[in-house]
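Me: Please take a close look at one part of this model, the packing of its helices against one another and the nonpolar core around them. A connected description is enough.

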Amino acid sequence: MNAPSFQDLPASAYRGRFAPSPTGLLHAGSLTTAVGSYLHARSQGGQWLLRIEDLDPPREVPGAADAILRTLEALGFTWDGPVIWQSQRLTAYQDALDALIASGHAYPCACTRREIALAGHPGVDGVVYPGTCRNGLTAGKAGRAWRLHVPAGEVMFMDGHYGAQCQDVAHQVGDYVLKRADGLFAYQLAVVVDDAWQGISEVVRGADLLDSTPRQIVLQRALNAPTPRYTHLPLLVNAAGEKLSKQTLAPAIRPDQAADELRLALTRLNHAPPADCQGLDELWSWALAHWSLARAPAAPVPV
């Protein structure tokens, strides 16, 4: 089942998005990213779209997606067009994979995780795939996953907050997975397909995905898809210096204390509202009038 068309949305020079995964409730880290993404879009008169990245059912928490939507509404977020659910976009991802296979950009892989761990070398995101199946499957083995044939050479882009970035994807990441051995589509494929389909002009997200951007640019080139501008915001970290996340037991946002939660998020982005600024409407109005990406911190923010 394909998602609704975006042809009915008005044209905009700026189109951003927020794309949470329903693996838990909205927490301070994801809220801060959402606030920065929203302000960056709205301050430029742009659109802000909402996408639920529900591609990994084993990791999803029942009811989390609806709770995330209710929390965003309680905090005064509004979005353009329908909410898009990646679980309804599987045909589009398969079409993209088929195109990559037909063009020689994707190939089947029979390797197990153990085999990769023994033969690969460390990279920016775990063990780098050693290319075992790149030139064809070993006799007697069947493909378990599909991988992108990553070309040699560095990928460079200019991040809106962190400046010039460069990564040798072939050496530091390797030929990464597009469709997993369990039949689930990988995040990298889905996000590239959806950003192109939704006409996203700028991606504003957390700095934990900074290393993923070159991978997505490589895939965009293979699919002849446009490359949006990228801006990454600082991570929130706990007392141990760990990224604030569902895995580190970050507490959920309290919808019944929406104004306080929004004020905290703005303060963490170095946009502390004045004390006499009260209520959601006043806070959003003040934030939109004063938003400046240059004021956002670059270093991780302790909470």
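Reply: Helices (H or I, at least four residues) and strands (E, at least two) are taken as DSSP runs numbered from the N terminus. An axis is a line fitted to C-alpha atoms, for helices over the stretch in contact, and angles between N-to-C directions run from 0 to 180 degrees. The model is predicted, with local features requiring pLDDT of at least 70, side-chain atom pairs counted only at pLDDT 80 or more, and totals for chains, interfaces and linings using all residues. Residues are numbered from 1 along each chain as its sequence is written, and side-chain values use heavy atoms, with hydrogens and water left out.

Helix H8 (residues 258–268) and helix H9 (residues 279–290) have axes that come within 9 Å and cross at roughly 20 degrees. On the H8 side, Ala258, Ala259, Leu262, Arg263 and Leu266 meet Gly279, Leu280, Leu283, Trp284 and Ala287 of H9, contact meaning heavy atoms within 4.5 Å. By class, the contact of H8 with H9 has eight nonpolar, one polar and one charged residues; Ala, Val, Leu, Ile, Met, Phe, Trp, Tyr, Cys and Pro count as nonpolar, Asp, Glu, Lys and Arg as charged, and the others, Gly among them, as polar.

H8 also packs with H1, at an angle of about 75 degrees and with the axes 9 Å apart. This makes H1 roughly perpendicular to H8. Ala28, Leu31, Thr32, Val35 and Leu39 of H1 make the contact with Glu261, Leu262, Ala265, Leu266 and Arg268 of H8. Seven nonpolar, one polar and two charged residues form the contact of H1 with H8.

A nonpolar core is a set of buried Ala, Val, Leu, Ile, Met, Phe, Trp, Tyr and Cys residues joined through side-chain atoms within 4.5 Å, where buried means under 20% relative accessible area, exposed over 50% and partly exposed in between (1.4 Å probe, protein chains only). In the largest such core, of 40 residues, Leu31, Val35, Leu72, Phe77 and Trp79 touch the most other members. Helix H1 (28–42), strand E2 (47–52), helix H2 (64–74), H8 and H9 each give two or more residues to this core, and H1 supplies the largest share, seven residues. Leaving aside residues up to four places away in sequence, Val35 touches Phe77, Leu262, Ala265, Leu266, Leu269 and Trp284.

Asparagine 270 lies in the loop between H8 and H9. Asparagine 270 is partly exposed, at 43% relative accessible area.

Note on methods:
Parallel < 35°, antiparallel > 145°, perpendicular 65-115°, else oblique.
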